[in-house]
Amino acid sequence: MLLHSNIIGKGQPFVILHGFLGMSDNWKTLGRQFSEQGFELHLIDQRNHGRSFWSNTFNYETLAEDLKHYCDTHQLKNIVLLGHSMGGKTAMLFATQYPEIVSNLLVADISPRFYPIHHDAILDGLSVLNFDAIKSRGEADAVISDYVSDFGTRQFLLKNLYWIEKGRLALRINLEVLKDEVAEVGEALPSYSRFEKDTLFLRGDRSEYIGVDDERLITNHFPKAKIVTIVNSGHWLHAENPKDFFEAVIQFIK
């Protein structure tokens, strides 16, 4: 099965992978800006997310294979590959497995290391949404606010809401499988994985996902890696400071 994508512009292929519980739509504005720089943007929904297919199998090996199938089908070569958070882990693994396809790798706010499960409250909040009773985004927000206090995080999550039929809301994510397999999201990049080409890691100055201790690990896997800090941003650095994020990416790939 083929991943759903939104393709914008013409030029060198530039593939973007969203994070856990996200979707390609999160990248529409930046995708348009990147396309104006002479790239063909492929904004991808990973399996069990967005408009892509649902499956009971969910781990980085299969996510990387999904991307390989996508690149083969669209005959993509010499791609710029950018992934955020979970998408960054997929991008790292894919680049180490298929270096001949990737010209530049960019990883947004995630390290190759193992991360313990930390999405419990979010998943619990999404699980209690009862769409027999909830008839608006505002009502869904009120329910989730008992579990997720941060307004920005809730708005990000509620982008998954859509009208499955007239008068009935649903979620675009395969919540049951993502809950069952959430431990997979924190898995480390295999110790032997290496990518020898130009790589950029971007981190938010208010985020703890890439710390000082991660820098040596990053260069072990990615010897040509540079690490850039985006100011005034946390984990969703591309949404919190899109201007500096855009400039850092363009400067690196141009």
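This is a predicted model: local features need pLDDT of at least 70, side-chain atom pairs count only at pLDDT 80 or more; totals for chains, interfaces and linings use all residues.
Where is the place of Ser 233? The first legend gives the location.

View 1. Side-chain values use heavy atoms, with hydrogens and water left out. Ser 233 is placed in the loop between strand 9 and helix 10 (237-240); helices (H or I, at least four residues) and strands (E, at least two) are DSSP runs, numbered from the N terminus. The relative accessible area of Ser 233 is 0%, which makes the residue buried (buried means under 20% relative accessible area, exposed over 50%, and partly exposed in between, with a 1.4 Å probe and protein chains only). Apart from neighbours within four places in sequence, Ser 233 is in contact with Gly 204, Asp 205, Arg 206, Ser 207, Glu 240 and Asn 241, where contact means heavy atoms within 4.5 Å.

View 2. An open sheet is formed by 7 strands in the order 1-3-2-4-5-8-9, with mixed pairing; two strands pair if DSSP finds at least two bridges between them. Strand 1 (5-8) and strand 9 (225-230) stand at the edges with a single partner strand each, so one side of each has no neighbour in the sheet. On average, neighbouring strands of this sheet are turned by 15° against each other, direction ignored. Strands of a sheet pair through backbone hydrogen bonds, in either a parallel or an antiparallel manner. The antiparallel pairing of strand 1 with strand 3 (residues 39-44) comprises 4 bridges, and the bridge partner of Ile 7 in strand 3 is His 42.

**View 3. Strand 2 and its two partners.** Strand 2 is largely enclosed by the rest of the structure, because 5 of its 6 residues are buried. Strand 2 runs parallel to strand 3, to which 6 bridges join it; Pro 13 has Glu 40 as its bridge partner in strand 3. Strand 2 also runs parallel to strand 4, with 4 bridges between them, and here Phe 14 has Val 80 as its bridge partner. Together, strand 2, helix 1 and strand 3 make a right-handed β-α-β unit (right-handed if, with the strands pointing away from the viewer, the path from the first strand over the helix to the second runs clockwise). Helix 1 (residues 28-35) lies across strand 1, strand 2 and strand 3, and runs at about 160° to strand 3; axes are lines fitted to C-alpha atoms, for helices over the stretch in contact, and angles run from 0 to 180 degrees between N-to-C directions.

**View 4. Helix 3 on the sheet.** Helix 3 packs on the sheet, where it touches strand 2, strand 4, strand 5 and strand 8, and its direction makes about 145° with that of strand 4.

**View 5. Salt bridges.** The count comes to 11 salt bridges, each defined as a side-chain nitrogen of Lys or Arg within 4 Å of a carboxyl oxygen of Asp or Glu. Asp 72 forms a salt bridge with Lys 68, with 2.8 Å between the closest N and O atoms. About one helical turn separates these two residues, because they are 4 residues apart in helix 2 (residues 60-73). Asp 72 is partly exposed at 42% relative accessibility, whereas Lys 68 is buried at 19%.

**View 6. Salt bridges between separate elements.** Asp 132 and Arg 168 meet in a salt bridge with an N to O distance of 2.9 Å. This pair links distant parts of the chain, 36 residues apart: Asp 132 is in the loop between helix 4 (120-127) and helix 5 (137-144), and Arg 168 is in strand 7 (residues 168-171). Asp 132 is exposed at 55% relative accessibility, and Arg 168 is partly exposed at 30%.

Note on methods: Residues are numbered from 1 along each chain as its sequence is written.
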